[in-house]
Amino acid sequence: MCFGGAPKPDKKAMLYQQAADMTRENNRMVAQNQQQERMDQQYAEQLAISTAPPPPPPAESAATAAPALENAGATTPSNIRKGMGRRKLRGDVAGGTGGLSIPSV
């Protein structure tokens with residue numbers, strides 16, 4: 001008689017492995033369904049945006065250009081190039097004529 005050969009497969013281990021495989025597959029399917037739901041929601045949003053009516057025309061008062069500042073003349077290109085007396089504001093130039101400005105004590 002021969003009592004050798006391969007051991008019988010462990011049915012418990014095989015059942016545990018099948019259960020783990022089923023759990024992984026189930027989790028994968030849940031994640032895939034969630035991703036599909038997000039994609040469907042994004043598609044619905046994009047469809048709503050693309051089929052929405054155009055925005056209303058601007059108000060009649062917006063037809064004319066109005067200056068953004070009270071003093072609109074100060075923002076013309078020539079006034080910007082002139083500056084606002086930047087030389088007077090400099091601390092390293094004495095009186096706007098050049099040289100070092102040292103305050104007297």
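This is a predicted model: local features need pLDDT of at least 70, side-chain atom pairs count only at pLDDT 80 or more; totals for chains, interfaces and linings use all residues.
The protein averages a pLDDT of 76, and 52% of the residues score at least 70. Among the elements, helix H1 has the highest mean pLDDT, at 95, whereas helix H3, covering residues 86-89, has the lowest, at 57.

As for the fold, the protein contains 3 helices and 0 strands, and reading from the N terminus the order of elements is α-α-α. Of the 105 residues in the protein, buried ones make up 1%. The accessible surface amounts to about 10300 Å², and carbon and sulfur atoms account for 60% of that area.

Turning now to helix H1, which spans residues 11-51, we have 41 residues that reach 59 Å from the first C-alpha to the last, and this is close to the 60 Å expected at 1.5 Å a residue.

What do we find at the start of H1? There, a side-chain oxygen of Asp10 comes to within 3.4 Å of the backbone nitrogen of Lys12.

At Thr51, which is also found in helix H1, the side chain reaches the backbone oxygen of Leu47, at a distance of 2.8 Å. Is Thr51 buried or exposed? Its relative accessibility is 57%, and because the cut-off for exposed is over 50%, Thr51 counts as exposed.

The structure holds 2 salt bridges.

One of them joins Asp21 to Arg24, with the closest N and O atoms 2.3 Å apart. Both residues lie in helix H1, separated by 3 residues, or about one turn of the helix. Asp21 has a relative accessibility of 35%, so it counts as partly exposed.

In the other case, the side chains of Arg28 and Glu25 meet in a salt bridge, at 2.6 Å from N to O. Arg28 and Glu25 likewise both belong to helix H1 and sit 3 residues apart, about one turn of the helix. Arg28, at 44% relative accessibility, counts as partly exposed, and Glu25, at 36%, is also classed as partly exposed.

Definitions and conventions
Residues are numbered from 1 along each chain as its sequence is written. Side-chain values use heavy atoms; hydrogens and water are left out. Helices (H or I, at least four residues) and strands (E, at least two) are DSSP runs, numbered from the N terminus. The expected span of a helix is 1.5 Å times one less than its number of residues. A polar contact is a pair of N or O atoms within 3.5 Å; within protein, one must be able to donate a hydrogen and the other to accept it, and residues adjacent in sequence count only if both atoms are side-chain atoms. Buried means under 20% relative accessible area, exposed over 50%, partly exposed in between (1.4 Å probe, protein chains only). Accessible areas come from the Shrake-Rupley method with a 1.4 Å probe; for residues, only the protein chains shown count as cover. A salt bridge is a side-chain nitrogen of Lys or Arg within 4 Å of a carboxyl oxygen of Asp or Glu. pLDDT is the predictor's confidence in each residue, from 0 to 100.
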